[in-house]
Amino acid sequence: MIEACIFDLDGVVVDTAKYHFIAWKALAEELGFVFTLEDNERLKGVSRKQSLEILLEIGKKQFSETEKLAMAEKKNTLYVTYIEKMTPEEILPGVEKFLQELKSNEIKTALGSASKNAPMILERIGLTGFFDVIVDGNSISEAKPNPEVFLKGAEKLGVQPEHCVVFEDAIAGVEAARNAKMYCVGIGQPENLGLADFVIPGFDGFTLEKLKKELTASFRFPKGKV
Ligand code: B16
Ligand code: MG
């Protein structure tokens with residue numbers, strides 16, 4: 001029985017990857033190397049600190065911890081100038097309708113994001129009130145695929161993990177959901193998110209009835225847990 005739905009933020013509720021890209025690209029240029037859109041894919045769902053490590057690995061650069069801290073801070077300052085301007089129009093298609101449907105069916109909702117900027121983004125897009133609980137990069141110590149972010153969400157909601165469904169767009173996030181022993185709906189392409197119970201391209205036209213139907217179908221063909 002589904003008692004709660006836990007949503008990742010970037011790539012599920014909004015597309016902030018494009019703003020992360022602009023800001024990381026600017027840092028790479030300053031350091032003298034090229035950072036591509038393909039490289040940016042590797043940063044999805046990954047914490048800010050880990051993202052910087054990947055970026056520096058791509059550019060084959062080494063810095064002290066103090067320097068890295070300053071770089072992450074600088075990237076974030078530029079990123080924030082973009083997300084500050086976000087509006088409700090940036091909510092991905094069908095998300096608000098689906099959240100409303102969950103509310104009217106008394107299914108609890110949580111946000112489970114790696115982003116430390118999640119509260120600001122939710123404010124800008126006007127969705128803060130839609131979530132019963134918010135767990136973000138400020139309240140976790142372990143990054144996805146560690147299940148901490150989702151387990152904390154379930155605990156705060158007072159729901160057992162096996163009654164939770166996670167919506168995730170990143171491989172590390174799908175793994176985190178499986179590690180939490182929760183159901184997982186992948187958002188994106190099935191070839192990238194094979195560990196999810198099932199995958200949808202987005203929430204446009206998606207309903208609670210479809211969720212229940214797809215999950216019931218996937219029980220008949222259970223996938224291995226990670
Ligand atoms: P911040 P999610 C993640 O959000 C992004 O996908 C990832 O690219 C980013 O590095 C991470 O948040 C940290 O974000 O720098 O704002 O703390 O997908 O977990 O909602
Ligand atoms: Mg994401």
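Let me begin with the conventions. The model is predicted, so local features need pLDDT of at least 70 and side-chain atom pairs count only at pLDDT 80 or more, while totals for chains, interfaces and linings use all residues. Residues are numbered from 1 along each chain as its sequence is written, chains are lettered from A and ligands numbered from 1 in the order in which they are written, and side-chain values use heavy atoms, leaving out hydrogens and water.

D8 lies in the loop between β1 (4–7) and α1, and D169 in the loop between β4 (164–168) and α8 (171–179), 161 residues apart. Helices (H or I, at least four residues) and strands (E, at least two) are DSSP runs, numbered from the N terminus. Both D8 and D169 are buried, a word that means under 20% relative accessible area with a 1.4 Å probe and protein chains only.

Next, helix α3. In this helix, residues 48–58, the buried residues are S51, L52, I54, L55 and L56. These buried residues pack against α1 (17–31) and α4 (65–83). After α3 comes K60, with a positive phi near 50°.

Finally, the aromatic residues. The whole structure holds 13 aromatic pairs; rings of Phe, Tyr and Trp (its six-membered ring) pair if their centres lie within 6.5 Å, with planes under 30 degrees apart stacked, over 60 edge-to-face and the rest tilted. F21 and F35 form a tilted pair, because their planes stand at 35°, with ring centres 5.9 Å apart. F21 belongs to helix α1 and F35 to the loop between α1 and α2 (37–41), 14 residues apart. F21 is buried at 14% relative accessible area, and F35 is buried at 2%.

The pair of F203 and F206 is edge-to-face, since the planes lie at 75°, and the ring centres are 6.0 Å apart. Ring pairs join F203 and F206 with F7, F98, F131, F167 and F198 in a cluster.

Definitions and conventions. Buried < 20%, exposed > 50% of the residue type's maximum accessible area, 1.4 Å probe, protein only. Contact = heavy atoms within 4.5 Å.
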